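Me: Please go through the helix packing in this model with me, one question at a time.

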Amino acid sequence: MNYFIVHQNKTFENEFKGGFLWAPQRSKSGKEIFHWSNMKKVKEGHIVFSVIKGKIVSVGTAISHCYTSIKPWDFDKIQWAEEGWKVDLEYNSLVEPIYIKDIFDGLKELLPEKYSPFTKEGKGNQGYLYELNKISGEYILKKIQEKNYLNHILNNNSNQGYVKERSVIYDSSDLTGREKDQLVKVRIGQGKFKQLLLKRYGKCHICGLVQEEFLIASHIKPWKDCDEKEKVDTNNGFLLCPHHDAVFDRGYITFNNEGEIIISNELSYSAKILLNIRDGMKIELDEHNKKYLSWHRQNIFRSMGQLIVPHE
């Protein structure tokens with residue numbers, strides 16, 4: 001098993017949501033950078049530890065080999081070259097994040113001498129992706145295991161047989177007591193969440209776009225505000241294209257209990273035209289979606305000056 005450390009202070013939110021890692025192939029001057037080129041070493045089944053502000057917050061499993069990909073649309077504000085390397089990653093957030101400073105005394109002697117992800121003082125080296133040797137990767141995994149439930153990763157990297165079919169996940173009445181406990185103990189990664197939404201919807205829930213690489217698994221009630229069950233509940237998600245994900249996620253649109261769109265007056269007329277947002281749009285809902293949409297209307301939607309739509 002191969003192990004990697006990825007520093008994601010600036011990019012974790014977008015990469016986690018999209019279920020991937022991404023790095024430019026070259027700098028603006030055309031130079032290859034080692035910590036970006038390390039992406040080419042990642043293969044399906046490899047383990048990736050996500051580090052943010054000095055703590056490990058996720059143990060990810062690569063679900064693809066590295067492949068060529070243009071810069072993600074939501075990285076536009078970052079001045080990187082357009083051509084890059086991408087790996088599809090199943091993130092598994094840790095219930096108990098691990099602070100590097102707490103394990104560094106035992107880790108520092110195990111790290112590779114060249115291109116270590118950390119300085120001698122235990123701070124993160126500047127760079128994106130670092131390859132670990134086997135002994136340091138296993139040490140980190142052991143320390144994570146002491147505080148977190150990871151058997152679903154260690155026993156089967158593909159997670160087959162661990163994640164229930166979507167019909168079971170969003171109907172808790174079908175879960176055994178043990179399975180309910182597992183849902184509380186383990187946070188299922190965004191990559192798997194997207195796969196479940198692809199099975200359920202197969203296209204953008206608003207415009208019908210079907211090209212998978214452009215579809216985003218969007219939580220209705222944001223991940224950060226969810227309890228453990230809500231994080232993996234497919235009723236709390238829509239499959240959306242990038243621009244519809246952006247306006248929904250930022251509260252410029254929402255939907256009433258009939259599935260009819262509600263548009264904030266903060267969204268300009270020209271923006272509505274360019275983003276393919278119009279009055280009268282309607283989506284299909286079931287009863288399980290409605291409680292999450294109610295939360296979205298109350299807490300996310302930009303209600304000042306909202307357009308009133310019937311049936312709300």
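This is a predicted model: local features need pLDDT of at least 70, side-chain atom pairs count only at pLDDT 80 or more; totals for chains, interfaces and linings use all residues.

Reply: Residues are numbered from 1 along each chain as its sequence is written, and side-chain values use heavy atoms, with hydrogens and water left out.

Me: Is helix 3 parallel, perpendicular or oblique to helix 4?

Reply: Helices are DSSP runs (H or I, at least four residues), numbered from the N terminus. Helix 3 (residues 100-107) and helix 4 (residues 134-145) have axes 11 Å apart, at an angle of about 135°. Angles under 35 degrees count as roughly parallel, over 145 as roughly antiparallel, 65 to 115 as roughly perpendicular and the rest as oblique. Helix 3 is therefore oblique to helix 4.

Me: Which residues of helix 4 make the contact with helix 3?

Reply: Contact means heavy atoms within 4.5 Å. Helix 3 contributes Ile103, Gly106 and Leu107. From helix 4 come Ser136, Tyr139, Ile140 and Lys143.

Me: Is Ser136 buried or exposed?

Reply: Ser136 lies in helix 4. Leaving aside neighbours within four places in sequence, Ser136 is in contact with Leu107, Leu110, Leu111 and Pro112. Buried means under 20% relative accessible area, exposed over 50%, partly exposed in between (1.4 Å probe, protein chains only). The relative accessible area of Ser136 is 0%, so Ser136 is buried.

Me: What percentage of the protein chain's residues count as buried?

Reply: The protein chain has 312 residues. The share that count as buried is 53%.

Definitions and conventions: Axes are lines fitted to C-alpha atoms, for helices over the stretch in contact, and angles run from 0 to 180 degrees between N-to-C directions. Helices (H or I, at least four residues) and strands (E, at least two) are DSSP runs, numbered from the N terminus.
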